[in-house]
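Reader: I would like to go through this structure with you, starting with the ligand site. Could you take me through it step by step?

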Amino acid sequence: MRAGVQWVTPVETPKLLDDEVHIWRASLEMDSAALRRFESLLAADERIRAERFMFDRDRNRFIAARGILRGALSRYLACSPQIIGFVYGPRGKPAIASGGEQPPIHFNLSHAHGLALIGITRKREIGIDVELIRSDFASQEITKRYFSPKEIDRLNEIPGERRTEAFFLCWTRKEAYIKAKGDGLHIPLDSFDVSLSPDEPAQLFCADQSRWKIETFVPSIVPEHRYAGAVVAEGKDWAARYFEWKQ
Ligand SMILES: CC(C)(COP(=O)(O)OP(=O)(O)OC[C@H]1O[C@@H](n2cnc3c(N)ncnc32)[C@H](O)[C@@H]1OP(=O)(O)O)[C@@H](O)C(=O)NCCC(=O)NCCS
């Protein structure tokens with residue numbers, strides 16, 4: 001995992017070059033004034049979605065994530081956040097509405113336990129995933145259900161406490177790939193493999209692996225919570241830059 005990533009708070013919107021992937025991380029914990037401000041940015045369908053959450057905490061995090069997403073995209077598009085329109089792929093992947101033209105930028109969003117990651121590129125499809133590393137979730141049962149036979153064998157070779165980290169490296173890499181493709185769980189999770197040992201570089205083994213590059217990084221904001229993050233984007237000729245979102 002790329003532990004040494006520096007999360008920079010830029011003074012101005014960073015210029016997004018064709019061979020870059022910009023990754024923003026943001027805390028979704030905020031006060032009610034900030035939440036109200038974000039809520040006012042949402043489109044009618046997003047507000048309807050927000051209302052459907054049973055728990056306030058989930059509703060607030062959805063509003064915060066969509067508000068920050070709109071805020072981040074608006075900086076690159078040089079427009080106000082509320083006028084950005086989204087269209088959705090057949091499996092729900094959001095993209096910027098651009099009247100059938102190529103969208104000016106691509107993005108993907110992931111959030112887990114109060115932390116959001118947004119990946120932004122100019123001309124490349126992108127998928128991003130973040131998960132909180134926690135041992136209670138990384139069970140044999142879940143592993144058997146979601147991982148490929150090769151991944152299960154590899155995971156079982158990894159001793160003790162490193163296995164939990166390897167589990168989440170595997171999970172986030174698989175999720176980032178299916179999110180880049182936009183097909184969600186319609187892609188059989190045993191139809192491709194990822195590397196998962198914390199000592200090995202991130203790798204994808206799939207029929208279209210020449211189309212993608214994958215990176216793994218550590219997105220933790222607070223030391224007591226460890227997260228795993230992975231990004232998959234089209235092409236091999238890009239480098240990621242990491243930014244911190246401040247209100
Ligand atoms: C919906 C899915 C795309 C991601 O779900 P997730 O991991 O629970 O959630 P994340 O926070 O990473 O991503 C959700 C965001 O991805 C975006 N998204 C939604 N559908 C998407 C799709 N088909 N492709 C890419 N991105 C999508 C949305 O912006 C969404 O956030 P929002 O609804 O708040 O706007 C899908 O992959 C899924 O259902 N996963 C379930 C988890 C699982 O079983 N994973 C197995 C890994 S081994």
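Author: A definition comes first: a residue counts as near a molecule if its C-beta atom, placed from the backbone, lies within 6 Å of it. Please also bear in mind that this is a predicted model.

Reader: Understood. How many residues surround the ligand, and which are the closest?

Author: The ligand is surrounded by 22 residues. The closest of them are Arg91, Gly92, Lys93, Ser110 and Lys179.

Reader: Which helices and strands each supply at least two residues of that shell?

Author: Those elements are α3 (56-77), β4 (106-112), β6 (126-132) and α6 (160-181). The most is given by α6, with 5 residues.

Reader: And how do the shell residues divide into nonpolar, polar and charged?

Author: The shell around the ligand has 9 nonpolar, 7 polar and 6 charged residues.

Reader: Let us turn to the sheets. What is the strand order in the open sheet of 4 strands?

Author: The order is β4-β5-β1-β11, and the pairing is mixed. At the edges are β4 and β11 (239-244), each of which pairs on one side only. Neighbouring strands in this sheet are turned against each other by 20° on average, with direction ignored.

Reader: How many bridges join β1 to β11?

Author: Strand β1 (residues 20-27) is joined to β11 by 6 bridges, and the two run parallel. Within this pair, isoleucine 23 has tyrosine 242 of β11 as its bridge partner.

Reader: Which strands of that sheet does α3 touch?

Author: Helix α3 packs on the sheet and touches β1, β4 and β5 (115-121). The direction of α3 makes about 25° with that of β5.

Reader: What about the open sheet of 3 strands: in which order do they come?

Author: The order there is β6-β10-β9, with antiparallel pairing. Both β6 and β9 (212-217) stand at the edges with a single partner strand, so one side of each has no neighbour in the sheet.

Reader: Which residue in β10 is the bridge partner of aspartate 129?

Author: That partner is alanine 230. In total, 7 bridges join β6 to strand β10 (residues 227-234), and these strands run antiparallel.

Reader: Where does α6 lie?

Author: Helix α6 lies across β6, β9 and β10, and runs at about 150° to β6. This is the helix that also gives the most to the ligand shell.

Reader: Now the helix pairs. At what angle do α2 and α3 cross?

Author: The axes of helix α2 (residues 44-52) and α3 cross at roughly 155° and come within 8 Å. Angles over 145 degrees count as roughly antiparallel, so α2 is roughly antiparallel to α3. The crossing is right-handed.

Reader: Which residues meet there?

Author: From α2 there are Glu46, Arg49 and Ala50, which meet Arg59, Phe62, Ile63 and Arg66 of α3. By class, this contact of α2 with α3 has 3 nonpolar, no polar and 4 charged residues.

Reader: Finally, how far apart are the axes of α1 and α3?

Author: The axes of helix α1 (residues 32-39) and α3 are 9 Å apart, and the helices pack at an angle of about 60°. The two are therefore oblique to each other, and their crossing is left-handed. In this contact, Leu35, Phe38 and Glu39 come from α1, while Asn60, Ile63, Ala64 and Gly67 come from α3. These residues divide into 4 nonpolar, 2 polar and 1 charged.

Terms used
Residues are numbered from 1 along each chain as its sequence is written. This is a predicted model: local features need pLDDT of at least 70, side-chain atom pairs count only at pLDDT 80 or more; totals for chains, interfaces and linings use all residues. Ala, Val, Leu, Ile, Met, Phe, Trp, Tyr, Cys and Pro count as nonpolar, Asp, Glu, Lys and Arg as charged, and the others, Gly among them, as polar. Axes are lines fitted to C-alpha atoms, for helices over the stretch in contact, and angles run from 0 to 180 degrees between N-to-C directions. Angles under 35 degrees count as roughly parallel, over 145 as roughly antiparallel, 65 to 115 as roughly perpendicular and the rest as oblique. A crossing is left-handed if the near helix is turned anticlockwise from the far one by less than a right angle, and right-handed if clockwise. Two residues are in contact if their C-beta atoms, placed from the backbone, lie within 7 Å. Two strands pair if DSSP finds at least two bridges between them.
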